[in-house]
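Here are a few notes to read with the model open beside you.

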Amino acid sequence: MTSDLWEPARFKDRVDVILRQFVGQEAALFADIDPLLGPVTDQLEAAVADGKRLRAAFCYWGWRGAGQPDSDALVRAAASMELVHAAAVVHDDLIDDSPMRHGRPTAHVALRGTVLDRPRASASARSLAMLVGDLLMGLAGQLFATSGLPAAYLARARPLWSALTRELIAGECLEILRTGTDPDTAASLKVIRYKTAKYTVEQPLLIGGALAGAAGRLREGYSAYGLPLGEAFQLRDDLLGLFGDPERTGKANADDVRGQRPTALLAETWRLAGADERDRLRALLGRPDLDAEGLRTVRDMMRDLRTPDRIEDMITVRVREALDALHTADVSAPAARALTALAHSAVARQS
């Protein structure tokens, strides 16, 4: 990508090549320790096989927005954001006990076949998946540090890595602590902000900007753009999780209801529901045996209360806020165009 024209497919290809080569090499070294580790390395590679590479793109344009040119070393550093995401996904699927991601079994489900003949096979598979996620997070730091960027550039971004991991884990902890409690919209939005919004948009932008030596005003603009857009991204994900086509999302529709997770969609439904509707919700939320009829009841209630419309409005407001911040930020013209396109693609998606 040597021009100022934003070509998402070409950028994705660049990131995919980096991730395949890097994780492939690391997986081979891991498997060399003992052949028994083969199924674990398979999950390492599966974890980076899919993705839109949005986080890498935001890091890239955080760099370009500060006036820096295209750089292969920067793309390697940006690709590390995708390894952070892969680690978070493996851990999140484990925490939520999700059976499927991208239409394939999640890591802890896939690894059960490796330990079926062992005592406590399910617990062993979950432990292996946890370690896959840990290793992916370690590899993210390694790819970033060996990207080829000057050490002084990397040093500028190091504090942001600490913030990224601290806030991401805080968000996961908040989700666990809020799961199963009475839904609350403000609490759900806080979970969204720390679990997803920051590490999806804001922190990659800030890291790219820090690598480029961005000034304080630009960094403030990145945060003002990144936080509402990251929240809009997750609000769209919540809608797709319950109302999307599983063939396209690659996830089961009932997961959030069965888990009684603290999504804004469920929280707004609860807030708008009357006493009788809340009684019906109490009978359905958190039921691991929730069937298609029960899921249909929840969806119908949401439609009657117009909750999906309210979430759509929340998405629209946040995207507008992000774009307003972008248009007043001290960002280069090519980056402004690319970040505008990324904002729209982040929320106008079906998977």
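Is Arg53 buried or exposed? Keep that in mind for point 2.

1. Some ground rules. This is a predicted model, where local features need pLDDT of at least 70 and side-chain atom pairs count only at pLDDT 80 or more, while totals for chains, interfaces and linings use all residues. Residues are numbered from 1 along each chain as its sequence is written, and side-chain values use heavy atoms, with hydrogens and water left out.

2. Arg53 is buried, with a relative accessible area of 4% (buried means under 20%, exposed over 50%, partly exposed in between, using a 1.4 Å probe and protein chains only). Have a look at its backbone too: Arg53 is not a glycine, yet has a positive phi of about 65°. Most residues other than glycine have a negative phi. You'll find Arg53 in the loop between α2 (38-47) and α3 (54-64); helices here are DSSP runs of H or I, at least four residues, numbered from the N terminus.

3. Gln260 also deserves a click. Its phi is positive, about 50°, although Gln260 is not a glycine. Gln260 sits in the loop between α11 (255-259) and α12 (264-272) and counts as buried at 17% relative accessibility.

4. Now the helix packing. α7 (residues 151-178) and α8 (residues 185-212) pack at about 170°, their axes 9 Å apart (axes are lines fitted to C-alpha atoms over the stretch in contact, and angles run from 0 to 180 degrees between N-to-C directions). That makes α7 and α8 roughly antiparallel, a label for angles over 145 degrees. Their contact has 18 nonpolar, two polar and eight charged residues (Ala, Val, Leu, Ile, Met, Phe, Trp, Tyr, Cys and Pro count as nonpolar, Asp, Glu, Lys and Arg as charged, and the others, Gly among them, as polar).

5. α8 packs with α12 as well, at an angle of about 175° and with the axes 8 Å apart, so α8 and α12 are roughly antiparallel. On the α8 side the contact is made by Thr185, Ser188, Leu189 and Ile192, and on the α12 side by Ala264, Ala267, Glu268 and Arg271 (contact means heavy atoms within 4.5 Å). By class, that is four nonpolar, two polar and two charged residues.

6. Last, the holes. Of the 13 residues lining the largest cavity, Thr181, Asp182, Pro183, Asp184 and Pro262 lie nearest its centre.

Technical notes:
Helix = DSSP H or I, 4+ residues; strand = E, 2+ residues; numbered from the N terminus. Parallel < 35°, antiparallel > 145°, perpendicular 65-115°, else oblique. 1 Å grid on protein atoms, 1.4 Å probe; cavity = no way out; pocket = protein on both sides within 12 Å on 5 of 7 lines; lining within 4 Å.
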